[in-house]
Amino acid sequence: MVKVKNFFKKVGLWFKNHAPTKRRLIQVYAALLTNANLKGFIDGKIYTGNLASGGSGGTKNLCVPGLNCYSCPGAVGACPLGALQDSLANSDTTVPYYILGILGLFGLICARTICGFFCPVGLGQELLYKIKTPKLKKSRYTRLLSYLKYVLLVVLVIAIPLIYHGIPAFCKYICPAGTFGGAGGLLTHPSNAGYFDQLGYLFTWKFALLVGFIIACIFIYRCFCRFFCPLGAIYGFFNKIALLGVKLDKRKCVDCGLCIQTCKMDIKHVGDHECINCGDCIPVCPTQAISWKGSKLVLAGLTVGLNESEEEEAQAPVLAALAAGGADAAVPAGSGNATVTAVMPENIEQPATEEKPRLTVEKRIKRRAFWLQFGAWAAAIAVLVSALVYYNFIYKEQGGGLSDGIYSVGDICPDFTFDTVYDTAGGKDENGSIIESVGLSDLTGKDAVTVINFWYTLCDPCIAELPDFNKIKQDYGERVNVVVVHINNGASDNSIQKRIDGLGWSDWGLTFVHDDLNDSLFAKLGGKNICPMTVILDREGEITFNFTGNLSEKTYEGMPLLDYEVEQALGK
């Protein structure tokens, strides 16, 4: 009996010693909340926010605080860094107030506390660093290298998107979150196996970078976060003025340097632009000079209802607990805007007097602190459970009219109408005026077949194959209608027009249109997450061919596949 008791005691002690910290729990919570669409990993599709019952965008129109790829199958929001690049690339002469305001709001409230608590990429890096290997210690060289992310911010996030409209350079050439969450999350799904033939040198480069980042993070604490992440660079500008984070009381500081030695980031002092506000420095400070910013807001809530003498008496031990307990005594809690909570230590004694009520001040504060913390976690868990239920069981993506929502070969194409807003030769009438719209009824019922190609400005395979569609139009003339549909990825019509002009497509006989129905036809015809996609309709509007991928290198019976399928549709 004693042995069994000792066994359970050892097991309990092991769990106590290995229990995750509150910061780790918050990191896991934030990663789950921002990637609540778990069914996306099962069906290989991303959440777009287009409801089957109408409406569009959903929470994908909102930015999450941390780095989280828009194209990740689980993502329920937009990445702020990707949104910034996209808005700058499509801004023209308009300042992107919305995304700048969102980043400013996140920065003023949390700053790099987001890096330490809410960023899924930060969590992944910390877990990799736990692998037992020799570690590279920080030095003046790593400190110097930490400024690289500011260079990447200026060049790849700001300059290139502004100069070369439509190119979010950091997302396209560097970001490992996009490679891992976006490409990795989609390409590993069996239903998307056909997309592998679209991978080129760019994906090879980004995959090699991802592998490099993963290996580096095993040996270097938060390697990507410290040296390469422009989002952390943006939040770093707000660290000194943010509402939440860590702060140093210089009156108490004795310059012992323990906080700098404990910190794994490249900080020069507590709370500077490299500090991620993890709170690890709080318990090591011998003079309790480091504490949480925003703690007075909590104290005000905990001491409501006390008289002035009781309030002053209550605040002293709570502040001591905040300073001594570190990240586990006072941490940001919750799913969005962080709230600092405090737990009173057991050994703090309050002087008792005959005038005090039955409950001492200490017990009253402890009780309020417990219920404040309990309420914060209960609300956070309720939000997470609600999100998981909604995205995985209630939300339905916009689809077509069939039972499975998809129109395939042999079906009559669903009706559609596209806006023709681009100045191209194929989108003009006999008088040279731009045709306002083109619909299914305008294309079918005549002696011509219709080729519909879905593309977007950043899709390299799309751009590579479009000359073949121009050749088809030149070869077959009025016998073939070619409609090139730019799917809705947030790009403005002006930036798309500039892309068309820059590629020399304005004089082609193709009809360039924009799907203002939020990719509804794309989804109805089986489109998932990747372009290009090509659909061919016969004279009556029946779907005769549907293919996702680059057609320029595909052949059948000695003919280019596109030519062969057009011939088959004309011969019906």
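Modeller: The discussion below takes confidence, a disulfide, a helix, salt bridges and backbone angles in turn.

Colleague: What is the mean pLDDT of the protein?

Modeller: pLDDT is the predictor's confidence in each residue, on a scale from 0 to 100. This is a predicted model, in which local features need pLDDT of at least 70 and side-chain atom pairs count only at pLDDT 80 or more, while totals for chains, interfaces and linings use all residues. Residues are numbered from 1 along each chain as its sequence is written, and side-chain values use heavy atoms, with hydrogens and water left out. The mean pLDDT here is 83, and 80% of the residues reach 70 or more. Over residues 322-327, however, the pLDDT is below 50, and this stretch has 20 contacts (heavy atoms within 4.5 Å) beyond near neighbours in sequence. Residues 329-348 also stay under 50, with 59 contacts beyond four places in sequence. Where pLDDT is low, the predicted coordinates should not be read in detail.

Colleague: Which cysteines form a disulfide?

Modeller: A disulfide is a pair of cysteine sulfur atoms within 2.5 Å. A search of the whole structure finds one. Cys-459 and Cys-462 form it, with their sulfur atoms 2.2 Å apart. The link of Cys-459 and Cys-462 is right-handed, with 80° about the S-S bond. Both Cys-459 and Cys-462 are buried, where buried means under 20% relative accessible area, exposed means over 50%, and partly exposed lies in between (1.4 Å probe, protein chains only).

Colleague: How far away is the nearest cysteine sulfur for Cys-275, which is in no disulfide?

Modeller: For Cys-275, that sulfur belongs to Cys-281 and is 6.1 Å away. Cys-275 is itself buried, with a relative accessible area of 8%.

Colleague: What distance separates the end C-alpha atoms of helix H20?

Modeller: Helices (H or I, at least four residues) and strands (E, at least two) are DSSP runs, numbered from the N terminus. The expected span of a helix is 1.5 Å times one less than its number of residues. The 17 residues of H20, residues 460-476, should therefore span 24 Å, and the end C-alpha atoms are 26 Å apart, which agrees. H20 also has a kink of about 30° at Leu-466, shortly before Pro-467; the bend at a residue is the angle between axes fitted to the seven residues ending there and the seven starting there.

Colleague: What covers the buried residues of H20?

Modeller: Among the buried residues of H20 are Ile-463, Leu-466, Phe-469 and Tyr-476. Their cover includes strand S7 (449-455), strand S8 (480-486), helix H21 (493-502), strand S10 (533-537) and helix H23 (561-570). Just after H20, Gly-477 takes a positive phi of about 60°.

Colleague: How many salt bridges does the count come to?

Modeller: Side chains of opposite charge can pair when their charged atoms come close. A salt bridge is a side-chain nitrogen of Lys or Arg within 4 Å of a carboxyl oxygen of Asp or Glu. The count comes to twelve. In one of them, the side chains of Glu-274 and Arg-112 meet at 3.7 Å, N to O. This pair links distant parts of the chain, 162 residues apart: Glu-274 is in the loop between helix H15 (258-262) and strand S2 (290-293), and Arg-112 is in the loop between helix H5 (97-109) and helix H6 (113-117). Glu-274 and Arg-112 are buried.

Colleague: Where do Glu-126 and Arg-222 lie?

Modeller: Glu-126 forms a salt bridge with Arg-222, with the closest N and O atoms 3.0 Å apart. Glu-126 lies in helix H7 (residues 120-129) and Arg-222 in the loop between helix H12 (201-219) and helix H13 (223-227), so the pair ties together parts that are 96 residues apart in sequence. Both Glu-126 and Arg-222 are buried. Seven of the ten residues of H7 are buried, so the helix is largely enclosed by the rest of the structure.

Colleague: Is Asp-255 buried or exposed?

Modeller: Asp-255 counts as exposed, because its relative accessibility is 69%. Most residues other than glycine have a negative phi, and most peptide bonds are trans. Asp-255 is not a glycine, yet its phi is positive, about 55°. Asp-255 lies in the loop between strand S1 (245-248) and H15.
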